[in-house]
Each structure stands twice: as structure tokens, then as C-alpha cells.
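Please open the model in your viewer and keep the sequence panel beside it. The tour below moves from one selection to the next and says what is found at each stop.

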Amino acid sequence: MAKKALITGITGQDGAYLTEFLLNKGYEVHGLKRRSSLFNTDRIDHLYQDPHESDVRLKLHYGDMTDSMNLTRLIQEIQPDEIYNLAAMSHVQVSFETPEYTANADGIGTLRVLEAVRLLGLSEKTRVYQASTSELFGKVQEIPQKETTPFYPRSPYAVAKMYAYWITVNYREAYNLFACNGILFNHESPIRGETFVTRKITRAAAKIILGLQDCLFLGNLDSKRDWGHAKDYVEMMWLILQADIPEDWVIATGVTTSVRDFVRMAFAHVGVSLEFKGSGVDEVGVVSKVNPTDPELECKLTVGQEVVRVDPRYFRPTEVDILIGDPTKAKEKLGWVPRYTLDELVKDMMEGDVALMKKDKYLIEAGHQIFRYFE
Ligand code: NDP
Ligand code: GDR
């Protein structure tokens with residue numbers, strides 16, 4: 001019998017990679033997706049299996065993290081061996097605008113899943129992975145951050161995730177559930193949401209070099225993050241649930257990089273060097289050298305052109321200045337060895353966005369209108 005997994009947040013970045021990973025391992029994968037007025041399955045469409053055929057191993061169900069009855073019914077019907085609770089309002093800045101909803105979906109949503117497992121008598125059968133986050137460390141109390149570093153959340157998102165973290169620990173201790181927190185540091189990919197900073201940068205760098213955009217507006221360029229590749233991280237989610245005992249784990253690369261340096265790396269990938277001048281809201285990123293790596297790009301950028309500016313609209317009421325994880329425990333006990341370096345991550349993302357924007361350019365030149373400018 002194939003193992004059954006339920007993934008909440010299956011339509012997101014991690015949900016998509018995890019689905020592919022688990023299908024390749026022979027799992028039957030059930031996914032919770034939200035009803036939306038437009039199709040929202042882009043990231044998993046390549047995995048679609050026609051429900052009319054036999055041996056279908058990917059099944060989607062409508063649902064929402066704010067709906068206990070729906071979650072309980074689905075868990076009862078599916079009887080999953082493993083639940084990966086990835087669904088969340090995952091954007092830190094947006095959580096300042098939607099704090100109550102974020103608490104409901106990200107915090108209480110986790111309780112709903114755990115309580116359903118308990119009430120349905122599945123505590124011995126069903127293992128639960130909770131998508132915890134390096135945002136818990138917030139105003140950091142220790143560098144690098146590890147499993148024992150105290151939390152100091154700095155956003156409604158992080159506070160909601162802190163509740164989710166502790167309720168997961170509590171259900172493990174109180175009811176003997178195999179429930180684990182993966183405290184994952186930032187992980188990115190070519191299918192990362194377009195409004196997270198890395199993807200915003202790689203999309204803009206691709207557009208700017210192709211002449212589809214003039215300037216990239218960003219917030220805090222000094223902020224530093226420990227960025228890994230989502231493909232590596234979803235494998236760790238699975239390994240965390242295969243361990244002998246349920247524990248909490250930091251998953252990170254151990255390298256931290258500023259937003260400014262990520263911008264430099266993205267432009268460098270297409271042969272454009274940037275120099276940053278000025279400070280604070282007046283800082284600008286200026287082209288200092290142009291040596292395009294791909295003649296097809298027909299790059300018209302010139303030395304001295306301003307391509308990055310600061311827009312205070314993207315500053316957060318409270319910021320997390322620096323994150324850098326210490327994944328020693330996962331390395332030693334789970335054999336964590338990330339396959340992608342930051343250079344390879346940037347390359348993967350830039351290749352994806354350059355290909356995407358070349359298509360846009362082709363369509364625009366053929367007279368079509370392309371609107372993909374919301375941030
Ligand atoms: P995404 O934002 O790409 O995906 C979030 C998923 O959750 C989407 O499928 C979304 O559905 C779904 N979702 C949001 N709200 C609800 C709701 N109320 N009910 C049901 N589904 C909902 O996030 P990632 O894939 O990047 O992250 C996965 C998880 O890991 C999240 O919990 C995130 O907070 C956490 N995390 C992420 C890290 C990262 O760097 N990527 C690092 C650490 C933790 P829809 O497609 O309809 O919007
Ligand atoms: P983060 O990711 O908040 O770390 O949360 P994000 O990419 O949004 O921000 C990273 C840093 O970049 C700074 N920044 C900007 N951010 C955005 N989005 N847009 C900008 O224009 C911009 N300019 C500078 C931010 O201020 C911040 O310091 C992500 C999410 O995936 C969470 O769900 C997850 O829990 C954490 O990573 C780990």
C-alpha cells in the first residue's frame with residue numbers, strides 16, 4: 001500500500017516541489033487547495049493526473065485553514081500517514097496589513113490540523129510536519145541561530161507562527177503525537193512568489209536587461225538573509241518525518257547575504273555590474289560595466305544608468321535585520337547536505353526569469369499587452 005500524504009498549501013512554492021518529491025517516492029498525495037475565481041494550480045499543473053484514469057496518485061480537495069469542519073472531514077476521509085502543514089499567509093509585510101487573518105490561518109489553522117488528528121484517533125498513525133520559520137528568531141538574540149536560540153518575533157506573521165510552533169510542541173508532549181517543527185530559513189526558486197524579494201529582483205533584472213522595465217524599487221537593502229534552494233528544503237521536510245523520534249530542526253545554509261548583494265549577483269548573471277552610491281532612501285544602484293553574456297538579450301543598458309532605487313513603501317514597521325542559521329543538528333542527525341549554493345540558486349532563478357521575460361518580449365513585439373506589474 002502506498003503511503004498517503006496530505007499537503008496543505010499544495011499550490012505554493014514548497015507544496016509544488018514537495019508534491020513532485022513525494023510522487024517520485026511512490027506516495028499517494030492529497031492536496032488542500034483554496035477555491036479561487038481564477039486557476040491557482042500553475043505550479044502543480046505539470047503533475048496533474050486525470051481523475052478518470054486508474055491509479056491516480058495526486059488528488060486535490062477544496063478547503064481552507066480557517067475552516068475546522070472541512071479540515072477534520074478531509075483528514076477523516078484521507079486517513080493520511082503524513083501531514084505537511086505548509087498552508088499559510090506567508091508574506092511578512094502583508095501580515096502587518098492582515099494581522100487577524102494571519103493569526104487565524106497561520107496560528108489557529110495549525111491547531112485545527114493537530115486537533116483533528118487527535119480527535120479522530122489518528123495520534124499513533126499520522127505524523128505532522130509544521131512549517132516553522134526563521135522569522136521566529138526576529139530580533140536575533142544569538143548569531144548564528146540554532147534550535148536553542150530564544151525567539152523574538154517581529155511581525156504578525158512571526159507571532160502567528162510562534163503560536164503554531166508551540167502548539168505543535170505541546171501536542172507532541174501532551175498527546176504523544178509525532179509532530180515536528182522544521183525551522184526553515186528563507187528558501188527560494190524559479191517558482192518563488194513574485195513579491196518575495198529574491199524573485200522580485202530576478203524578474204526585474206531580467207526585464208531591465210531586456211528593456212521591459214527601467215528601474216527596480218526596493219526597501220531595505222541592508223537586510224541579510226540565509227537563502228537556500230526550495231528543492232533542497234522540501235527533501236528535509238520529508239526526512240524530518242522519517243526520523244526515529246519527533247524533534248524540531250533548523251534547516252539553513254549557514255551563509256548570510258544582503259539584499260544589495262543579491263541584486264549585484266542577479267545582474268552579474270547577465271553580465272551587468274552594479275555600483276551602489278548614496279545611502280538610506282537616496283541610495284541608488286548604477287550600471288558600472290556592461291558585458292552581456294547572451295547576445296540574444298540585445299542589451300541597451302549604458303554605464304551610469306540608474307537601475308535600482310529605494311522606495312520607503314517597502315520598509316517594514318519592524319524589520320528582521322539579519323538571519324543566519326546553524327544547521328549542525330540536521331547535518332549530524334539527518335545528513336543534511338544542501339545541493340545548491342547561493343550562486344547556483346541565483347543562476348537557476350535568473351535563467352527561469354530571463355526565459356519568461358523573453359517570451360513576454362516576443363509577445364509584446366507581436367502586439368500583445370502583458371500586465372505583470374503588481375508587487
Ligand atoms: P507560498 O506563499 O508560496 O504558499 C502558501 C500556500 O498556502 C499556498 O498554497 C496558498 O494557497 C496556501 N494558503 C494560504 N492561505 C491559506 C488558507 N487560509 N487556507 C488554505 N491554504 C492557504 O509559501 P511557501 O511555499 O514559500 O512556504 C510554505 C510554508 O513554509 C508557509 O507556511 C511559509 O510560511 C513557510 N515558510 C516558508 C519559507 C520560505 O522561505 N519559503 C521559510 C520558512 C517557512 P494559494 O496558492 O491559494 O494562495
Ligand atoms: P522574508 O522574505 O520577509 O524574509 O520572509 P522577503 O523576501 O519578503 O524579504 C526579505 C528581506 O528583504 C527585504 N526587502 C524586501 N522584501 C520584499 N518582499 N520586497 C522588497 O521590495 C524588499 N526590499 C527589501 C525585506 O525587508 C526583508 O528584510 C520569507 C517568507 O517566505 C516567510 O514566509 C518565511 O517564513 C521567511 O522568509 C523565512
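Throughout this tour, a residue is called buried if 20 or more other C-beta atoms lie within 10 Å of its own, exposed if 12 or fewer do, and partly exposed in between, with C-beta atoms placed from the backbone. This is a predicted model, in which local features need pLDDT of at least 70 and side-chain atom pairs count only at pLDDT 80 or more, while totals for chains, interfaces and linings use all residues. Residues are numbered from 1 along each chain as its sequence is written, and chains are lettered from A and ligands numbered from 1 in the order in which they are written.

The chain has 10 helices and 15 strands; helices (H or I, at least four residues) and strands (E, at least two) are DSSP runs, numbered from the N terminus. Buried residues make up 45% of the 375 residues.

Next, colour domain 1 (4–184) and domain 2 (197–224 + 258–317 + 345–366) separately; these bounds come from an automatic or database domain assignment. The centres of domain 1 and domain 2, taken over C-alpha atoms, are separated by 33 Å.

Now select ligand 1, which 26 residues surround, the closest being G9, G12, A87, A88 and A131. A residue is counted as near a molecule or strand if its C-beta atom, placed from the backbone, lies within 6 Å of it. Two or more residues of this shell come from each of α1 (13–24) and β5 (127–133), and α1 gives the most, with three residues. By class, the shell around ligand 1 holds nine nonpolar, 14 polar and three charged residues, where Ala, Val, Leu, Ile, Met, Phe, Trp, Tyr, Cys and Pro count as nonpolar, Asp, Glu, Lys and Arg as charged, and the others, Gly among them, as polar.

Stay with α1 and show its side chains: Q13, D14, G15, A16, Y17, L18, T19 and L22 are buried. What covers these buried residues includes β1 (4–8), β2, β3 (58–62), β4 (82–85) and α7 (230–242). Just after α1, G26 takes a positive phi of about 95°.

Move on to E28, which is found in strand β2 (residues 28–33). E28 counts as buried because it has 20 C-beta neighbours inside 10 Å. Two residues are in contact if their C-beta atoms, placed from the backbone, lie within 7 Å; leaving aside neighbours within four places in sequence, E28 is in contact with A2, K4 and R57. The C-alpha atoms of E28 and A5 are 6.3 Å apart, although 23 residues separate them along the chain.

Then select ligand 2, which 22 residues surround, with S90, T133, V197, G219 and S223 the closest. The elements that give two or more residues to this shell are α3 (92–97) and α6 (197–209).

Finish at D226, in the loop between β9 (224–225) and β10 (228–229). D226 is buried, with 26 other C-beta atoms within 10 Å. Leaving aside neighbours within four places in sequence, its contacts include S134, F185, N186 and A252.
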